[in-house]
Amino acid sequence: MLDIKTDRRFKVIEPVNKGWSSDKKYYVETVTGERLLLRTADRSQYEMKKSEFEAMKQLAEKGISMSNPLEFGLCDDGESVYTLFTWCDGEDAAEVLPKLTDTEQYELGLKSGRYLRQIHSVPAPADEESWEMKFNRKADSKIKQYKDCPIKIDGGDQIIAYIEANRYLLRGRPQSFHHGDYHVGNMVISEEKELSIIDFNRHDFGDPWEEFNRIVWSASASPHFATGQLNGYFGGRPPQEFFKLMAFYISSNMLSSISWAIVFGEKEVEVMKEQAKEVMEWFDDMNNPVPTWYLENFYVQYIYGIPYKLKSPFDFSFMEQYGEVFKVYDDQDSGNICFGVKNGDGRYFIKFAGAPTVRYSGKPVDAVAELKAAAHVYKELAHPHLIPLIRTEEVGGGFAAIFEWTDGECMGRMYPLSREKFMMMPDRTRLGVFNDIIDFHIHVIAKGYVAIDFYDGSILYDFKKEKTFICDIDLYSKRPYINEMGRMWGSSRFMSPEEFELGAEIDEATNVYLMGATAFALFGGETDRSRDQWRLSGELCNTATKAVSDDRTSRHQTLTEFKEEWVRGTGTLTR
């Protein structure tokens, strides 16, 4: 077994049991510290594996981040063929993408599209059969497979009708090298957020656009990634003819997916049936070739090489006066976009209103007015746990608020990796964070204000300084405050019933509810406020449950009363 004639001396050989390939795969470490991927296959696949090796050598020379081919030959007394590749560090892209921001997902999608364009630059052999003949035969086979299969999918007849009506699109299509299975399941993302392509073992030749028939897996994992892949491949929005052909290739794949899945069992059949249902929804029952996951108005621009999303272009050249931008926060729904800036030894957090941010439903001029009004709030509510405001100014056709920088990790869902780190903190640390949040809001009440639109995205924790910071208090308002909107601003996970009731007073009892909801976000199941999801003692669960009572009169009536009861219950950390 593994009788390989190579100058490399293996120190570690571990099986890799992922993927659908029939190849045997191994993680290898050599005595010189190389980390490699070894694949072996039956001798009968020699010519195919040789072709794969040669094609990958061409692709590696183009600078694609991938498993670079190193050695190829026979092993096990000529019974097997082996290929040795460099090892790609990282985790499965499908698992990593949901932990990244929309912009990061889109950027990686752009990169995957550019890589695919390079893959398709390797031409098909000159004697390759015409694509029209080749794929029409494949389409006929898929239709027959579907009709012969006892299990049907919703929309099967519409798919067949679409194929028959659009066969003419195959005429004259060029052909190139194919990866053969290009989707997030065959990509890895490193800790440095670098994308690498793996598993070329299903390579073949055909219409370059057919390669997008596997994008269904990528779109299901991340519409932003899938959109980026299309835009990266075409250098912008794809032509309409591409969308028609992509729908043609994806839907024809759906026809044979069930018969393929039957071999692997009922679970895989259900997966394929669900995917077929999803595909039909994407293409409006084959009436619209542009899939619903394609984000038409997703625009990305760059500052100091850092990507950020907007609804449309905006000139941020004025940011140079503050220093070098090293971080951008573009996922706020407040109408603001924020920048981390360094200038000499100083670092600052700049909140800017006036740009067409993606998640804001209002007009930029409204965001400017709100940020101007918020400046007074930050000054009035200055506190050791509130990010310090340095100054404000009109600039760049909008308005900027300049704060001191803090190295805080955000609890908000819009920054999944940061949230993951935050939520891995031990309970005692989180208890300290929660006490800081309560103390700040007692201070807010003492200053004659009431908290509005506070949520997990407003909570930061600096792990080095072990300090809690509160940000985004822009909508905190003077009391008395009356709900004149109905459904007010904020995350529903943190909002009391009165914040949905027109004419209701928003007061200290409302903020007691907010603290109870925050407790469940930190120590429980957020909106699942059952005892089963609670991490701490039953006594503390009762305190938090009382605070989030829909009946205002059943809550603690002051934050001080809530804090006193909470502190009494923090003697133990038992589940």
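1. The crossing of helix 14 and helix 15 is left-handed, and this, like every other point below, refers to a predicted model. Helix 14 spans residues 538-547 and helix 15 spans residues 559-568, with axes that come within 9 Å and cross at roughly 165°. Because angles over 145 degrees count as roughly antiparallel, helix 14 and helix 15 are therefore roughly antiparallel to each other.

2. On the side of helix 14, the residues that meet helix 15 are E539, L540, T543, A544, K546 and A547, and their partners in helix 15 are E561, F562, E565, W566 and R568. Divided by class, the residues of this contact between helix 14 and helix 15 come to five nonpolar, one polar and five charged.

3. Helix 8 (residues 240-262) and helix 9 (residues 266-282) have axes that come within 8 Å and cross at roughly 165°, which makes helix 8 roughly antiparallel to helix 9. The crossing in which helix 8 passes helix 9 is left-handed. Helix 8 contributes I250, M254, S257, I258, W260, A261 and I262 to the contact, while helix 9 contributes E268, V269, M272, K273, Q275, A276 and V279. In terms of class, ten nonpolar, two polar and two charged residues make up the contact of helix 8 with helix 9.

4. Helix 4 (residues 131-148) packs with helix 5 (residues 156-166) at an angle of about 160°, and their axes are 12 Å apart; helix 4 is therefore roughly antiparallel to helix 5. Here too the handedness can be stated: helix 4 passes helix 5 in a left-handed crossing. From helix 4, A139, I143, Y146 and K147 meet G156, I160, I163 and E164 of helix 5, and the contact of helix 4 with helix 5 has five nonpolar, one polar and two charged residues.

5. Turning to open space, the second largest pocket has a volume of about 1,000 Å³. It is lined by 41 residues, of which E104, K327, V328, Y329 and Y415 are the closest to its centre. Several elements give two or more residues to this lining, namely helix 3 (102-119), strand 12 (306-310), strand 13 (324-329), strand 15 (346-353), strand 18 (408-410) and helix 11 (416-423). Helix 3 supplies the largest share of the lining of the second largest pocket, with six residues. Sorted by class, the residues of that lining are 18 nonpolar, eight polar and 15 charged.

6. Of the 13 residues that line the largest cavity, D453, F454, F494, E499 and L514 are the closest to its centre. The lining of the largest cavity divides into seven nonpolar, four polar and two charged residues.

7. The peptide bond that joins R479 and P480 is cis, with omega at about -5°, and P480 lies in the loop between strand 22 (477-478) and strand 23 (481-482).

8. The other backbone point concerns D77, a residue other than glycine whose phi is positive, near 55°. D77 is placed in the loop between strand 4 (69-75) and strand 5 (80-86).

Conventions:
Residues numbered from 1 in each chain as written. Predicted model: local features only at pLDDT ≥ 70, side-chain atom pairs only at ≥ 80, totals over all residues. Heavy atoms only, no water. Axes fitted to C-alpha atoms, helices over the stretch in contact; angles between N-to-C directions. Helix = DSSP H or I, 4+ residues; strand = E, 2+ residues; numbered from the N terminus. Parallel < 35°, antiparallel > 145°, perpendicular 65-115°, else oblique. Left-handed = near helix turned anticlockwise from the far one by under 90°. Contact = heavy atoms within 4.5 Å. Nonpolar A, V, L, I, M, F, W, Y, C, P; charged D, E, K, R; others polar. 1 Å grid on protein atoms, 1.4 Å probe; cavity = no way out; pocket = protein on both sides within 12 Å on 5 of 7 lines; lining within 4 Å. Points joined across faces, edges and corners; volume = space filled by probe spheres on them.
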